[in-house]
Amino acid sequence: MKQTDQTPWWQDGIIYQIYPRSFQDSDGDGVGDLNGIARRLDHLVDLGVDAVWISPIYPSPGKDAGYDVSDYCGIDPLFGTLADFDALVAAAHGRGLKVLMDFVPSHSSDRHPWFLESRSSRDNPKRDWYVWRDARPDGSPPNNWISEFAGPAWTWDEATGQYWLNIYLPEQPALNWRNPDVRQAMYDAMRFWFDRGVDGFRVDAAEHLAPDDRLRDNLPNPDWTEDMGPARSLFRTFSSHQPAGFDAVHEMRAVADEYEDRVLVGEAYGTLDEVVQYYGRDLKGFHLPFNFELINAPWDARHIAGYIDTYEAAIPKGGWPNWVLGNHDRKRIASRVGQAQARVAAMLLLTLRGTPTLYQGDELGLENGHVPPEMVQDPWEKNVPGFGLGRDPVRMPIPWDDTEGRGFTTGTPWLPVADGPSVIDQRGAETTMLTLTQRMIALRRAEITLRRGEYRRLHGDDHVLVFARDREDARLVVALNFTDRDQLVALEGTPLLSTVPGELPETAPGSLRANEGLVLRVR
Ligand code: GLC
Ligand code: MG
């Protein structure tokens, strides 16, 4: 996006999450790769987004789809080479697209040379790079923490007679962020990519950095039900959002600030109060701590209006908001709210104040797919089958066209290609999600008021949310009908865009049609 003033690109722009395994395969092995992404950059340009965040592409045994990194400064051959990566960054930059990598600091793979060393003996210099503890007298793990993917968060190492901490899989041992050498090694990894021109990172699982060093037991969650997964049976009282973790985030930010115009987007699931702490003291933490309010919210106008107000109020002064509807971990928006409301949701995402992040495939209205049991990839589903916790259904490859393999691969896809109308079918067609998303993005790009204006709620009831975006003398109004019935509502201004395909009303209507979202220019 052309800069006309000092506003950083990550405040004006839209981030698009690429899940590389499922974006585009170029070599017929059934797994998406870097050359595949390079081939599809035009899709992103057509869409109008400003930046891509690419989920992990580092060397990895793939126990957690790449979130188990065995080398922070390389590219997994599955995805290509470092040269392919450099070429992709150059091609993206050539089209005005920024590139964000995923940074996975809280744990490495158990195959990482650091862990192999750490595990080799108690007096190895890298022993303290991970979190090792003695068993309790009865031989049980040091505390009651539960792995996010089920089972104890501790794995016994027979050879050296201690447990290692694994917040996720045993194959994802937790790095010890209290050790200064670990921190320096990780900052050097960030610099490695910054030096190659990467524009920023999405920082994975930041809430788990540096858990309580006294390892106090987490407290039980009285409201737990089985479908939440075993880990949620405890509050993460002492394992998440700990002070030393926030210090680490500050240091990461200082590394990013050694370079110009870079951004850190942080993933930290927690209460709103916890999440906004990641802006950091004096805003020297993450530029954009992910705001997952819309992922968790029940889909009705009153709740959403409340979430927006609470979030707007919680952001520290000078902090910049952001919004997310979906990602590679959470149920797809079209499956949560249905196709018609997914259009309303897209309009909401792209008209709120703050940087939107769009998950690949949501621009096509993709739904959670069906993955037959024998094709299950996600370790979470394997560990806790049958509760719908598995994330494969949101990670299925993009349907690009209607050939065999749907343009994603000429081979056998690693997960079935997602159902639903392909990019080719949707492109240029009046009624499709792709067209609506493109128009919404184009409108956001054209209207500085949508990007920078203040948010003001005008009306919110059980069915309808109406808000204004105000900037100097300009006012745009967004009116969203969260129901599948017409709703009377007093509106003013000239309609600019509706989620309902077909001709736009010439003047402000006295009601919203079923599932209609409407943007109007008041002045
Ligand atoms: C984050 C990622 C998720 C991964 C986990 C462990 O939540 O988004 O996919 O499994 O961290 O790295
Ligand atoms: Mg491939």
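## Around ligand 1

Let's start at a contact: a polar side-chain atom of arginine 391 lies 2.9 Å from an oxygen atom of ligand 1. On its own, ligand 1 has 300 Å² of accessible area, and the protein covers 96% of that. Keep in mind as you read that this is a predicted model.

Other residues around the ligand include Tyr67, His107, Phe149, Tyr168 and Glu267. How many residues of the shell are nonpolar, polar and charged? The shell divides into 3 nonpolar, 2 polar and 7 charged residues.

## The magnesium ion

Next, look for ligand 2, a magnesium ion. Which residues coordinate the ion? The donors are Asp25, Asp27, Asp29 and Asp33, each through an OD atom, together with Val31 through its O atom. The distances run from 2.2 to 2.3 Å.

Now follow these donors along the chain: their spacing in sequence is D-x1-D-x1-D-x1-V-x1-D. Aspartate 25 and aspartate 33 are both buried.

## An enclosed strand

Which way does strand S1 run relative to S11, parallel or antiparallel? S1 (residues 15–18) and S11 run parallel, joined by 3 bridges. Within this pairing, leucine 358 of S11 is the bridge partner of tyrosine 16. Strand S10 (residues 322–324) is likewise parallel to S11, with 3 bridges between them. Here valine 324 stands opposite threonine 357 of S11.

Most residues other than glycine have a negative phi. Two residues in this model are worth a look with that in mind.

Alanine 210 is not a glycine, yet has a positive phi of about 50°. Alanine 210 sits in the loop between strand S7 (200–203) and helix H7 (243–256). Aspartate 282 has a positive phi too, near 55°, and its place is the loop between helix H8 (272–276) and strand S9 (288–289).

Are these residues buried or exposed? Alanine 210 is buried, with a relative accessible area of 4%, whereas aspartate 282 is exposed, at 71%.

How values were computed. Residues are numbered from 1 along each chain as its sequence is written. Chains are lettered from A and ligands numbered from 1 in the order in which they are written. This is a predicted model: local features need pLDDT of at least 70, side-chain atom pairs count only at pLDDT 80 or more; totals for chains, interfaces and linings use all residues. Side-chain values use heavy atoms; hydrogens and water are left out. A residue is near a molecule or strand if one of its heavy atoms lies within 4 Å of it. A polar contact is a pair of N or O atoms within 3.5 Å; within protein, one must be able to donate a hydrogen and the other to accept it, and residues adjacent in sequence count only if both atoms are side-chain atoms. Accessible areas come from the Shrake-Rupley method with a 1.4 Å probe; for residues, only the protein chains shown count as cover. Ala, Val, Leu, Ile, Met, Phe, Trp, Tyr, Cys and Pro count as nonpolar, Asp, Glu, Lys and Arg as charged, and the others, Gly among them, as polar. Donors are N, O and S atoms within 2.8 Å of the metal (3.2 Å for Na, K and Ca); water is not among the atoms, so sites may look incomplete. Buried means under 20% relative accessible area, exposed over 50%, partly exposed in between (1.4 Å probe, protein chains only). Two strands pair if DSSP finds at least two bridges between them. Helices (H or I, at least four residues) and strands (E, at least two) are DSSP runs, numbered from the N terminus.
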